[in-house]
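Here is a short report on one chain. It covers confidence, the nonpolar core and the aromatic rings.

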Amino acid sequence: MKNFILLICLSISSINVFSQWQKEWTDSLYYFKTVYFPTANTGYVGGNGPSNLVKTNNGGTTWTGISINTSYQLNSVFFTDTIHGYAVGDGGTNYNIYKTINGGLSWTTLSFSQSGALWAIYFVNDTVGFIVGSNGAILKTTDAGRFWNTLTYGTGNLYLTVYFIDTNIGYVAGGNGKIFKTNNGGTDWTVLTTGITNAIYSIYFIDADTGFAVGSLGMILKTFDGGSTWTALSSGTTKKLLSVFFSNASTGYVVGQSGIILKTVDGGVTWKLLVSGTINDLYSVFFNGSDIGYAVGDNGVILKTTNGGTGFSEISTS
């Protein structure tokens, strides 16, 4: 009987270990803020460290440091295809935008004589893109980043996230809990009512009507009507939530402070806490399809799942 009980306990223990996010590697020289995979195998992770941008061509098995000719931290990376990509970040006395047309082998820099940081970049298609940052910065390009127009809205606003449904309809949000929406490509903006005042760090829309916003104090908001109204969802945590991504209409992930990872399979009605295996803050999450996903954060953490978040392994950039 004792042997039978012991066998059951060992079986349960094995299941728990398998379902946890396995911790294999960290590097305190790196602090990663953003991850983007234009293809299943090719991906980029940015932040600061010995190299402020690293690239993989084999789904994260190996990584190569990329020189982007800046000492400033990168906060957001976005690729419109396998070779055309953009990165933004801190800039000191300038807003700096970096672009590659050869898959990251080389980068050109476009600078604006405005001080502050750029926090997020999003492209609707190959040519139309938007950037947001500090001091109310909203920038727009219609020619694949050759020129950027300033659409500054609200000088004192800190914008941390941007998401566009198409070339006309888009959203920005940031430090004051407000979400702003445009219906004409950024020419005019409307303040949406959220009912909260804490910071919003990430926005993601499944379709033109259904979207999510996450932020400090475990906040998750959802809209069913294109942002006209927002409903607070129960996240089960008070930790700062920094990034949200949906792999399909019902399955989504949120990452944040102290290595927290949440998953929903019912469109946000309920959220399950996943075991990440790290206590480092996670700043960005990205999925390629329903099963393969990545989360990155402090101390060089790069997590990967190949089973929809049931198990994650921490992979090395070295």
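Over which residues does pLDDT stay under 50? The stretch is residues 1–25, and the model has 31 contacts beyond four places in sequence for it. This is a predicted model. Where pLDDT is low, the predicted coordinates should not be read in detail. For the chain, the mean pLDDT is 88, and 90% of residues reach 70 or more.

Next, the core. The largest nonpolar core holds 87 residues. Ile 179, Ile 203 and Ile 220 have the most contacts inside it. Strand S9 (residues 118–123) gives the most to this core: five residues. Leaving aside neighbours within four places in sequence, Ile 220 is in contact with residues including Phe 212, Val 214, Leu 233, Leu 262 and Trp 271.

Now the rings. The whole structure has 25 aromatic pairs.

| Stacked pair | Centre to centre | Angle between planes |
|---|---|---|
| Tyr 44 and Phe 79 | 4.0 Å | 10 degrees |
| Tyr 253 and Phe 287 | 4.0 Å | 10 degrees |

Tyr 44 sits in strand S2 (residues 43–48) and Phe 79 in strand S5 (residues 74–79), so their pair ties together parts 35 residues apart in sequence. Tyr 44 is buried, with a relative accessible area of 0%. Phe 79 is buried too, at 2%.

Tyr 253 belongs to strand S22 (residues 252–256) and Phe 287 to strand S25 (residues 282–288), so this pair ties together parts 34 residues apart in sequence. Both Tyr 253 and Phe 287 are buried.

One charge also sits over a ring: Lys 33 lies over the face of Tyr 283, at 3.6 Å from the ring centre.

How values were computed. Residues are numbered from 1 along each chain as its sequence is written. This is a predicted model: local features need pLDDT of at least 70, side-chain atom pairs count only at pLDDT 80 or more; totals for chains, interfaces and linings use all residues. Side-chain values use heavy atoms; hydrogens and water are left out. A nonpolar core is a set of buried Ala, Val, Leu, Ile, Met, Phe, Trp, Tyr and Cys residues joined through side-chain atoms within 4.5 Å. Buried means under 20% relative accessible area, exposed over 50%, partly exposed in between (1.4 Å probe, protein chains only). Helices (H or I, at least four residues) and strands (E, at least two) are DSSP runs, numbered from the N terminus. Contact means heavy atoms within 4.5 Å. pLDDT is the predictor's confidence in each residue, from 0 to 100. Rings of Phe, Tyr and Trp (its six-membered ring) pair if their centres lie within 6.5 Å; planes under 30 degrees apart count as stacked, over 60 as edge-to-face and the rest as tilted. A charge sits over a ring if NZ of Lys or CZ of Arg is within 6 Å of the ring centre and within 35 degrees of the ring normal.
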